[in-house]
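Welcome! Open the structure in your viewer, keep the selection tool handy, and follow along one stop at a time.

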Amino acid sequence: MPQQLSIAIAGAGLVGRLLSWRLLRLGHKVQLFDDGDPQHSRSAAHTAAAMISPLSEVVVSERSIYDMGVSSLAIWPRWLEELNVSAPTPVHYAAPGSLVVAHPADMAELEQFYADLRFHLGADNNARWLERRDLYDMEPDIAGQFDRALYLPDEAYLDNRHLLARLLEEIQALGGACFAHHPVNFMPEATLGEQALEGFDCIFDCRGMGARQSQKDLRGVRGEVLWAQTDEVQLRHPVRLMHPRYKLYIVPKPGNRFIIGATEIESQDRSPVSVQSMLELCSALYTLNPAFAEARILELDANLRPSYWHNLPLIEHERVPSAGAKAQNIVRINGLYRHGYLLAPTLVEDVLARLPDFTHPQTDTV
Ligand SMILES: Cc1cc2nc3c(=O)[nH]c(=O)nc-3n(C[C@H](O)[C@H](O)[C@H](O)COP(=O)(O)OP(=O)(O)OC[C@H]3O[C@@H](n4cnc5c(N)ncnc54)[C@H](O)[C@@H]3O)c2cc1C
């Protein structure tokens, strides 16, 4: 086995947990610090809908997001198989593709979506138009509302809250030490309270929006979601509804639950969901199938997506002089924006491949 490294990770959100787990599996020693309680996480990862949708996202992103997303789609099933080996119930993951729909009056929105897809990926983009009859075969409970739909194969979704809980269990089972209510600060030296974090070969800053104090170029992009439950509607695919004012998505979750989200607001505001947003989410849901009127609202949640100005993720390595005996190797992983589940496996694999560089005395930014 290569040299065993001693690693500290600040932030037990999506990136912090995945990275801890993979490092432990490679035989390294890991201490994971979170400023909150990872059992009741306030991370963006906890709020997210957890769609893994490279085709849908290429329409509003750089081509590199698509390429990394395709690579993540190949990694997720492998990782989940490993995670599920000793799990009492497996973490739900499905890759049925997704549907993009628009009501007849908004058809121009859907056509523009397809035009954008072709612009980014060319004619060879795998998307397929469905007429009402095909839609009925695929998703009968919404077919009555739409004349046409766009089917995007090779898209997936997972049960993120179960995944986060399972990762924590596995980290602890592999001997990782998890510390709740332990905020790490980077000024730029990494400290716990007044104490420098000493004795680590590498310190990863995976604090998401928590890094904003030391990284002024990080911004929050607010998202609001509603959880609903009903036995009256069955969905197998994530569905995106194109509308001139809002783009709604609905993702099925185990237990006849659905997560519905729409808004993307440039704001640092993490206050609860507004009445207007809730009305928009509910009415859009109702237009997918009126039977949603009887659904029970389980939860409303709002959170911030950690984003840089270009909406691309960054991995930055810096060697920082420390009050302790030796300099700290600090690696910041942030800016996953609305693509955490889409990108995290690929980014984590990249970080692992570069671990020898990160623990080597040199400065590097990518
Ligand atoms: C409404 C919404 C919907 C989304 N839907 C999707 C989707 O469908 N698909 C997709 O791919 N992505 C989606 N995302 C994006 C995804 O959730 C994020 O990109 C991802 O969670 C970012 O991961 P992270 O680990 O960087 O940050 P987070 O998951 O936010 O984790 C950061 C962690 O750091 C901790 N922390 C903060 N400060 C400190 C400190 N000082 N010391 C120690 N710990 C600290 C926090 O408590 C938190 O646990 C969505 C996000 C939102 C808000």
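Helices and strands here are DSSP runs, numbered from the N terminus; a helix has at least four residues and a strand at least two. Keep in mind throughout that this is a predicted model.

Stop 1: Select Pro188, which you will find in the loop between strand E10 (184-186) and strand E11 (190-192).

**Stop 2: another loop.** Move to Asp154, in the loop between strand E7 (148-152) and strand E8 (156-158). Asp154 is not a glycine, yet its phi is positive, at about 60 degrees. For background, most residues other than glycine have a negative phi, and most peptide bonds are trans.

**Stop 3: the two domains.** Colour the chain in two parts: domain 1 (6-52 + 160-215 + 309-365) and domain 2 (98-153 + 219-307). Taken over C-alpha atoms, the centres of domain 1 and domain 2 are 31 Å apart. Their contact takes 21 residues from domain 1 and 22 residues from domain 2. Between them, the two domains bury about 1,800 Å², and 50% of that is on carbon and sulfur atoms.

**Stop 4: the ligand.** Which residues are the closest? They are Asp34, Asp35, Met51, Tyr337 and Tyr341, out of 35 residues that surround the ligand. By class, this shell has 19 nonpolar, 11 polar and 5 charged residues. With your domain colours still on, look for both of them here: domain 1 and domain 2 each give at least three residues to the shell.

Stop 5: Zoom in on Asp35, where a polar side-chain atom lies 2.8 Å from an oxygen atom of the ligand. Next, pick Val15: one of its polar backbone atoms is 3.0 Å from a ligand oxygen. Leu342 also has a polar backbone atom 3.0 Å from an oxygen atom of the ligand.

**Last stop: the whole shell.** The protein covers 94% of the 1,000 Å² of accessible area that the ligand has on its own. To see the elements that give two or more residues to the shell, select helix H1 (14-25), helix H2 (44-47), strand E14 (219-229), strand E18 (296-307) and helix H10 (340-353).

Conventions. Residues numbered from 1 in each chain as written. Predicted model: local features only at pLDDT ≥ 70, side-chain atom pairs only at ≥ 80, totals over all residues. Heavy atoms only, no water. Near = heavy atom within 4 Å. Polar contact = N/O pair within 3.5 Å; in protein donor to acceptor, adjacent residues only side chain to side chain. Areas by Shrake-Rupley, 256 points an atom, 1.4 Å probe, with all protein chains shown as cover. Nonpolar A, V, L, I, M, F, W, Y, C, P; charged D, E, K, R; others polar. Domains from an automatic or database assignment. Contact = heavy atoms within 4.5 Å. Buried area = accessible area lost by both parts, 1.4 Å probe.
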